[in-house]
2 protein chains.
Amino acid sequence: MDKKITIYDLAKALGVSAGTVSRSLNNHRSISDKTKQRVIAKANELGYQTNKFAVNLSTQKSNTIGVIVPKLNSIFMSDVLAGIEKTVNEAGYNLIISQSLEMMEKEKLNAKTLYNSGVDALLVSLAYDTNDFDHFAYYIRHNIPLIFLDRVHNLPNCSTIIINNKQAGFEATEHLIEQGCKNLLCISGNLKRNVYSERLMGFKEALAKHQMKFKKSNCLETELDPNDVPKVINYIKNQKQAIDGLFVASDTFAAHCIKALKKEHFRIPEDIKIIGFNNDPISELVTPPLSTINYPGYEMGVLAGQSVISQLNGSLDLQPANSITLRHQLIIRESTHI
Amino acid sequence: MDKKITIYDLAKALGVSAGTVSRSLNNHRSISDKTKQRVIAKANELGYQTNKFAVNLSTQKSNTIGVIVPKLNSIFMSDVLAGIEKTVNEAGYNLIISQSLEMMEKEKLNAKTLYNSGVDALLVSLAYDTNDFDHFAYYIRHNIPLIFLDRVHNLPNCSTIIINNKQAGFEATEHLIEQGCKNLLCISGNLKRNVYSERLMGFKEALAKHQMKFKKSNCLETELDPNDVPKVINYIKNQKQAIDGLFVASDTFAAHCIKALKKEHFRIPEDIKIIGFNNDPISELVTPPLSTINYPGYEMGVLAGQSVISQLNGSLDLQPANSITLRHQLIIRESTHI
DNA sequence: TTGTAGGCGTTATCAC
DNA sequence: GTGATAACGCCTACAA
């Protein structure tokens, strides 16, 4: 019961050739139903399991899709991954997941490892500091589908899946303005990353539209890490003109800010209105509930999965840089609205 | 530049045999340094990439570890995964991750697929309704390391990595009692799962220790889903004797309960004290901050990774059902403490 | 220290 | 419809 049994064992047991067994198992036309039945019955009887190693070598495919994300333990990313996994699994693919830990060097390593592992496609959300893209050259050169999501870079023939961060930033900011805010602060993440820089662009555009001048002091770049909270609070307290509206690039960080501001006796939304980003579960559970932008991670994952599958099936023609933009949504709660 | 180059190409280019190339690349002793250098140089020059398919077939190993979790998009699980990924990646392994979506049937499918993919080991956290374990028989029979974490089942020769849920439940409950609660309610998850049933056992034990009788009405089984909140609130409001202490098996659900209870004008902690479980980020951000049990997901992942690696390296002797219990920790915040 | 050759388990291209 | 047989690319005794 322990030895692995191969198509040769089946062939011998049935008195046919290995080729016939292989074709039967793969439901090849040109094999009689009767033979197929016999083979399959025997396979079950002996507990035959196909050896993927051999299949892979023979077909040069792995039925495996690689994923590189900055961090596994983010609520948004795990939503994305859940969506990807569900979709590609239904299509018979497995997922090899690795994290760059926000370091380009690790990302390069991962890309190389995954390439060598023979993934049939690669999905990537970029690290903070990724500034060159040679590590993806293999993929492009060998026509392995390469899809960027959320934190993207435009490369020839690579799809990207994003939301319109600029527009979302614009809407969030305009909402604050419409609520009467006169002096806004954008608390951004690392501006080297497209998602944050685009939100800031939207922020600026909203100011411009409403004849409010953007000054450098209207934006504070942080790592969106809880450790940055004191810095933010100090910054707010030290402005000459009181800040009355906060656009924070992450809900969790916004929640931390709310907590700290309340401790400093700021009233929210009366003294200062706050809007976050992502619609994390936390946004509706803090006090006051946090206005935010819904950022559909799961749907993004599903779309990424569908996109990669259709590329692998060739059902999607290689359109030059096919880009998908998901719909976001402004969610108004009490942190911006009395 | 497009064609894949093999050790034969290198061999020809260097005027040596393929065997020599193979051994050089694998840094085999018994190959002169000089030859190694030459081979490696040529490999780099020609852009040689090892073909994992062939290596796998030849060695019958994949350098890949399978993971099955109930859901990818849970804050705890993504912490666990982050820990696993980091650890096994450093040891040169890749991770194939799949989710059972809390369904045994899917779990079986995943287990089979991963087996066929030739994973070198399998890490599993069980689905809610898993009640037979035949799908793991292959692994055991073929001596493929199988490790359960968090939601576990005891199988011969399989390690388990857990925290002491019973003890944690006990401590959480005793803390409520010590804060003066007289009529407790345990809001549990699905009691078919060890983690929840054990917490309940701890709950009962704490009651017993303090001469409080456990009645059926002291426990409410839920799915810990936000949709269950109204049911919980009604339950609480309809008890003859007012409930003054809540032990909730998940922080996020506890946060939802807090929000709903506040809306019903319960004062926390004055009228009702609440303790959660997990130490999710949300626990310190709700108002009032939530007492909880720290449940170290990342560390659990790291340990699981180390455990699997050492089993693969044979450095850990096959101890019969080696079980690791992580330390948990009671965290007291304002939801139980005036 | 290096070369030779068989094996890993399939798939695929020919024949028959 | 089915059977040979050659890939697929690497590893590894066994020889030399």
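Reply: Helix α8(A) is mostly covered, since 10 of its 14 residues are buried, where buried means under 20% relative accessible area, exposed means over 50% and partly exposed lies in between, with a 1.4 Å probe and protein chains only. The model is predicted, so local features need pLDDT of at least 70 and side-chain atom pairs count only at pLDDT 80 or more, while totals for chains, interfaces and linings use all residues. Residues are numbered from 1 along each chain as its sequence is written, chains are lettered from A and ligands numbered from 1 in the order in which they are written, and side-chain values use heavy atoms, with hydrogens and water left out.

Me: Which residues of α8(A) are buried, and how do you know that the span of this helix agrees with its number of residues?

Reply: The buried residues of α8(A) include N165(A), A168(A), G169(A), F170(A) and A172(A), and also T173(A), E174(A), H175(A), L176(A) and I177(A). Helices (H or I, at least four residues) and strands (E, at least two) are DSSP runs, numbered from the N terminus, and the expected span of a helix is 1.5 Å times one less than its number of residues. For the 14 residues of α8(A), residues 165-178, that gives 20 Å, and because the end C-alpha atoms are 20 Å apart, the two agree. After α8(A) comes G180(A), with a positive phi near 100 degrees.

Me: What makes S250(A) a cap of α11(A), and what do the buried residues of this helix pack against?

Reply: A polar contact is a pair of N or O atoms within 3.5 Å; within protein, one must be able to donate a hydrogen and the other to accept it, and residues adjacent in sequence count only if both atoms are side-chain atoms. A side-chain oxygen of S250(A) lies 3.4 Å from the backbone nitrogen of T252(A), and S250(A) caps the N-terminal end of α11(A) in this way. Among the buried residues of α11(A) are F253(A), H256(A), C257(A) and L261(A). Contact means heavy atoms within 4.5 Å, and the buried residues of α11(A) pack against β6 (184-188), α10 (229-237), β8 (245-248), β9 (273-275) and β10 (292-294) of chain A. Just after the helix, H265(A) takes a positive phi of about 70 degrees.

Me: Why are β7 and β9 of chain A called edge strands?

Reply: Two strands pair if DSSP finds at least two bridges between them. The 4 strands of this open sheet have the order β7-β6-β8-β9 (chain A), with parallel pairing. There β7 (219-221) and β9 of chain A each have a single partner strand, so one side of each is left without a neighbour in the sheet. β8(A) and β9(A) pair in the parallel sense over 3 bridges, and F247(A) stands opposite I275(A) in β9(A).

Me: How do you know that both faces of β4(B) are covered?

Reply: In a regular strand the side chains alternate between the two faces of the sheet. In β4(B), residues 146-149, L146(B) and F148(B) lie on one side and I147(B) and L149(B) on the other, and all are buried. β4(B) pairs in the parallel sense with β3(B), residues 121-124, over 3 bridges, and with β5(B), residues 159-163, over 3 bridges. F148(B) is the bridge partner of V124(B), and T160(B) in β5(B) is the bridge partner of F148(B).

Me: Why is E102(B) called buried, and which residues does E102(B) touch?

Reply: The relative accessible area of E102(B) is 16%, and therefore E102(B) is buried. E102(B) lies in the loop between β2 (94-99) and α6 (104-116) of chain B. A polar atom of the side chain of E102(B) lies 2.8 Å from the backbone nitrogen of Y128(B). Not counting residues up to four places away in sequence, E102(B) touches P70(B), K71(B), L126(B), A127(B), Y128(B), D129(B) and R151(B).
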